[in-house]
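Here are my notes on this one, point by point. Have the model open while you read.

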Amino acid sequence: MTRPLRLGVLGLASIARRRMLPAMAACPDVQLTALASRDVSAAERAAAQYGCQAAPDYTALLARPDVDAVYVPLPAALHAAWTRAALDAGKHVLAEKPTTTNAAETRALLSLARTRGLVLAENVMFLHHAQHATVQRLVRDGAIGELRSFAAQFSIPGLPDDDIRHRPELGGGALADVGVYPLRAALHLLGADLDVVGAALTHGAGRQVETAGGVLLQSATGVTAHLTFGLDHAYRSWYELCGSTGRLVVDHAFTPPADHAPVLRIERGTGSEELHLPPDDQVTNTLTAFAAAVRTPRQHPEPDPMVLRQAELLDAVRHRAVVHHARPATAHHAARHPA
Ligand SMILES: NC(=O)c1ccc[n+]([C@@H]2O[C@H](COP(=O)([O-])OP(=O)(O)OC[C@H]3O[C@@H](n4cnc5c(N)ncnc54)[C@H](OP(=O)(O)O)[C@@H]3O)[C@@H](O)[C@H]2O)c1
């Protein structure tokens with residue numbers, strides 16, 4: 001029997017504590033061997049909880065011979081340096097999304113990983129949920145006719161002022177944090193041949209980063225994709241594919257819990273239909289896929305080309321976007337309605 005992939009974790013991030021560490025503990029394909037935090041006592045407590053070792057710091061974790069691969073759930077701006085350090089230490093890497101904050105760094109790291117014969121994967125977990133393969137099959141089989149357009153939204157309610165997403169020096173901002181989900185969904189379902197034709201970003205009042213945005217993409221065959229994202233919104237997590245004869249809607253598209261039973265809705269002129277699918281655990285599937293990629297014997301592992309394309313499109317959005325800076329509500333009101 002193959003030995004489980006021995007994992008180390010850099011930082012006790014919220015996403016690590018809430019979703020990844022429990023999934024690692026339950027997944028037979030991986031074994032959590034060590035974790036590190038800037039707070040050594042927090043690392044020791046978590047290590048005791050998960051029956052693994054606490055490394056005194058991130059660098060010490062990377063030096064451990066009992067760690068084959070590292071999960072990097074740090075703020076986005078720190079991903080590049082620690083991913084590079086992990087690759088230099090000979091570790092495979094599962095980096096949180098986005099892999100880095102720009103396409104040049106992402107390209108360089110993907111190339112470094114390939115040269116060193118290491119896997120560098122990005123933790124976009126919804127891709128590993130079976131509901132999207134069903135969607136792809138339905139579209140391919142003509143369930144909605146010829147594909148015309150795609151729309152998607154990922155938005156979450158307001159966060160504390162000091163959240164990493166509000167801090168530009170840590171790579172914050174709605175585009176990289178939540179915008180990647182509808183963007184990656186467009187790439188996954190429409191293909192890599194998409195270009196940015198318009199974008200708008202809004203900095204919420206008093207924020208130093210964009211907290212909302214919209215993007216319009218177009219494929220070489222004229223299919224359009226309209227993406228919406230935000231950090232101070234009602235929770236929304238859906239996409240819709242619209243074809244010549246019908247539309248297909250997926251709710252709970254991006255972060256469904258493992259016990260969620262998906263319902264795909266297909267609406268046509270002749271009526272609507274609901275497809276009930278079994279629950280699927282995208283977190284465990286992601287870990288299993290990462291372990292399998294590491295185990296596949298290849299001299300130069302080929303990275304997922306969509307990781308780089310996504311980074312290029314994020315750059316293109318930043319470059320093209322019309323940026324609006326919202327004023328504090330009272331000042332805005334006063335400006336619109338002078339006394
Ligand atoms: N794939 C997903 O579903 C998903 C979901 C949510 C978030 N994410 C991604 O995961 C990453 C972390 O997000 P999060 O919400 O979990 O963030 P978070 O709770 O703020 O965690 C970030 C961690 O990074 C470490 N860190 C090191 N230097 C830091 C610094 N200067 N400032 C702040 N933290 C620092 C800290 O760990 P220690 O103090 O323990 O060292 C901290 O707990 C982001 O890239 C985000 O986009 C992914």
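1. First, a term for later: a polar contact is a pair of N or O atoms within 3.5 Å, where, within protein, one must be able to donate a hydrogen and the other to accept it, and residues adjacent in sequence count only if both atoms are side-chain atoms. By that rule, 6 residue pairs are in polar contact across the interface of domain 1 and domain 2, both residues being at pLDDT 80 or more.

2. A word on what you're looking at. This is a predicted model, with local features needing pLDDT of at least 70 and side-chain atom pairs counting only at pLDDT 80 or more, while totals for chains, interfaces and linings use all residues. Residues are numbered from 1 along each chain as its sequence is written, and side-chain values use heavy atoms, with hydrogens and water left out.

3. The layout: domain 1 covers 5-123, and domain 2 takes 126-279 + 315-325, with bounds from an automatic or database domain assignment. Their C-alpha centres sit 27 Å apart.

4. How do the two meet? On the domain 1 side 10 residues are in contact with 15 residues of domain 2, contact being heavy atoms within 4.5 Å. About 870 Å² is buried between the domains, and carbon and sulfur atoms give 51% of that; buried area here is the accessible area (1.4 Å probe) that two parts lose on being put together, summed over both. Arg19, Pro75 and Lys97 supply 47% of what domain 1 buries against domain 2, more than any other three residues.

5. Charges next. The rule finds 2 salt bridges across this interface, each a side-chain nitrogen of Lys or Arg within 4 Å of a carboxyl oxygen of Asp or Glu. Lys97 also forms a salt bridge with Asp177, closest N and O atoms 3.6 Å apart.

6. Cys27 is buried at 3% relative accessible area, and Cys52 counts as buried at 11%, buried being under 20% (1.4 Å probe, protein chains only).

Technical notes: Buried means under 20% relative accessible area, exposed over 50%, partly exposed in between (1.4 Å probe, protein chains only).
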